[in-house]
Amino acid sequence: MLLHLFALLVAASTAGLIFAGGLVTSTGSGLSVPDWPNTYGWFMLTFPIDKMVGGIFYEHSHRLIASMVGLLIVVQAAWLFKVEPRLWVRRLGYIAVAAVVTQGILGGVTVLWFLPAPISIAHASLAQLVFCLTVSIALFTSPGWQRADTSKQAPIDTDQPLQTIAILTTVLVYAQIIAGATMRHTGAGLAIPDFPFVFGSVLPPYWTPQIAIHYAHRVGALVVSGCVLATVGHVLYHHISRLELRRPSLLLLALLAIQITLGGLTVLSGKHYIINSLHVVTGALVLGTSLVLTLRTCRPRFVVNVSGSTKRDVLQESSRTYELSGEWSSPPGVPGARV
Ligand code: HEM
C-alpha cells in the first residue's frame, strides 16, 4: 500500500513537472538559461535563489522540479526492485528510469541547440509517455488491481468492442497531444485566430503549413471527442454497475470538456501563459485517465498475456516471490505455476 501511495506521488509530481514545462514554453523562457547541465556556470542545486528572476525563474524551476521527479522515479524503481514480486512491474520501473533520463538529455540538448522544433516536440511527447509510465505503475501497484490479479473468481467478462474502442481512444489522444506539441513548437498556436469557428467559417479560406497543423489539431479534437463519447457511452450502457470503469469514464468526459474549453481559451486569450500551460497538463490528465480506463478494460487479457508470457518469466517470478515472501505462490494469472 505504501508503495502504491508513493507511486501516486510520483505520478502527481510528473503532472506537476509537465505543468512547469508548459510554463517554460508559454512564457518564452526556453533559452533564459543558455547552458546545461549547469545554470550560468553554477551547479544546478547551488544556483542562488535571488538570481531566479524573469524567464530564469521558469527555466531553472523546471530543471529543479525535473531533478526531483527524476530522483523519485529512481527511488520508485529501487523500491520495486526490493519488494515487487511481478517481474513485468519491476521492468516498468526500470523503463521509467530510462525514459526520464532520456527526457532530461532531450531537454538539455534542446537548450544547447537553441530549441530545434523536432527535439522540442520529442521532449514534449516523451514527457507524456513518462507520465503514462508513472500512472501505469500507480495502477498496477494499487490494491484494486492486485486483488483482481489474485482473485480466485473468473476474470470479469472480456468485452472485445470496448477494449478496441478504449485502446483507439488512448492512441488518438496521444496523437492529438503530438499534434499539439507540433503546433506549439512551430509557432502555429494562433495561426487560426478565432474559436470555435475558423476564420468565421468551418474551413480556412487559404492554407499555410501552420494553418494546416492548427486545423489538424482542431479536427483531432473532434475525432478524439467522438471516440471518448463512444467509449464512455459503451461503459455506461453495458457496464454501469462496474465502478472501476464508470469512475474513469466520467472523469475522462469531464476532463475532455475542460480540455476543449482550455484549448478555445488559449486561442481567444492570445495564448495566456497560465491557460496555455493548464491546457498542456490537462492534455496529460486526459491521456492518463484514458490509459487507466483502457488498462482496466483489458485487465483479463493483460493478466494472462503478461504474467504468463514466457516460461522463463514464470520461473523468475516464482523464485522472486519465494525470495520475498519466504513461501511459494503462483504468479498472478498462472494457476499452479509452482515450477
Ligand atoms: C482532445 C482535445 C485536446 C487535447 C488532448 C489537446 C492537447 C494539447 C497539448 C498536450 C498541447 C501542448 C503540447 C505540448 O507542447 O506539450 C496542445 C497545444 C495546443 N492546443 Fe490543444 N488539445 C486539445 C484540444 C484543443 C482545442 C479544441 C483547441 C482549440 C483551438 C486547442 C488549442 C491548442 C493550441 C492553440 C495549442 C498550442 C499552444 C501554443 O502554441 O503554445 N486544443 N494541445
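A residue counts as partly exposed when the number of other C-beta atoms within 10 Å of its own falls between the buried cut-off of 20 or more and the exposed cut-off of 12 or fewer. With 13 C-beta neighbours inside 10 Å, Phe199 therefore belongs to the partly exposed group. Please keep in mind, as you go through these views, that the model is predicted.

Figure 1. The protein chain has 11 helices and 0 strands. Of its 339 residues, 38% count as buried.

**Figure 2. Around the ligand.** Here we look at the 28 residues around the ligand, of which Ala124, Gly180, Gly189, Gly263 and Gly283 come nearest. Two or more residues of this shell are given by each of helix H6 (160-185), helix H7 (209-238), helix H8 (243-268) and helix H9 (273-297). Sorted by class, the shell around the ligand holds 13 nonpolar, 12 polar and 3 charged residues.

**Figure 3. Helix H1 against helix H2.** Two packed helices are described by the angle between their axes and the distance between the axes. For helix H1 (residues 2-26) and helix H2 (residues 54-83), the angle is about 160 degrees and the axes are 9 Å apart. Because angles over 145 degrees count as roughly antiparallel, H1 is roughly antiparallel to H2. The crossing in which H1 passes H2 is left-handed. Where H1 and H2 are in contact, the residues divide into 17 nonpolar, 7 polar and 1 charged.

**Figure 4. The loop between H1 and H2.** Pro37 sits in this loop. The peptide bond that joins Trp36 and Pro37 is cis, with omega about 5 degrees.

**Figure 5. Helix H3 and the residue that follows.** Buried residues in H3 are Leu87, Arg90, Leu92, Gly93, Ala96, Val100, Gln103, Gly107, Thr110 and Val111. An α-helix has 3.6 residues a turn, so residues three or four places apart point the same way. After H3 comes Phe114, which has a positive phi, near 60 degrees.

**Figure 6. The loop between H6 and H7.** Several residues in this loop deserve a close look. Pro196 is found here, and the peptide bond from Phe195 to Pro196 is cis, with omega near 5 degrees. Phe199 also lies in the loop between H6 and H7. The phi of Phe199 is near 50 degrees, a positive value in a residue other than glycine. Pro204 is another residue of the loop between H6 and H7. Is Pro204 buried or partly exposed? With 15 other C-beta atoms within 10 Å, Pro204 is partly exposed. Between Pro204 and Ile192 there are 8.1 Å in space, C-alpha to C-alpha, and the two are 12 residues apart in sequence.

**Figure 7. Lys271, between H8 and H9.** Our last stop is Lys271, in the loop between H8 and H9. Its phi is near 65 degrees, a positive value in a residue other than glycine. Lys271 has 17 other C-beta atoms within 10 Å, so this residue counts as partly exposed.

Key. Residues numbered from 1 in each chain as written. Predicted model: local features only at pLDDT ≥ 70, side-chain atom pairs only at ≥ 80, totals over all residues. Near = placed C-beta within 6 Å. Helix = DSSP H or I, 4+ residues; strand = E, 2+ residues; numbered from the N terminus. Nonpolar A, V, L, I, M, F, W, Y, C, P; charged D, E, K, R; others polar. Axes fitted to C-alpha atoms, helices over the stretch in contact; angles between N-to-C directions. Parallel < 35°, antiparallel > 145°, perpendicular 65-115°, else oblique. Left-handed = near helix turned anticlockwise from the far one by under 90°.
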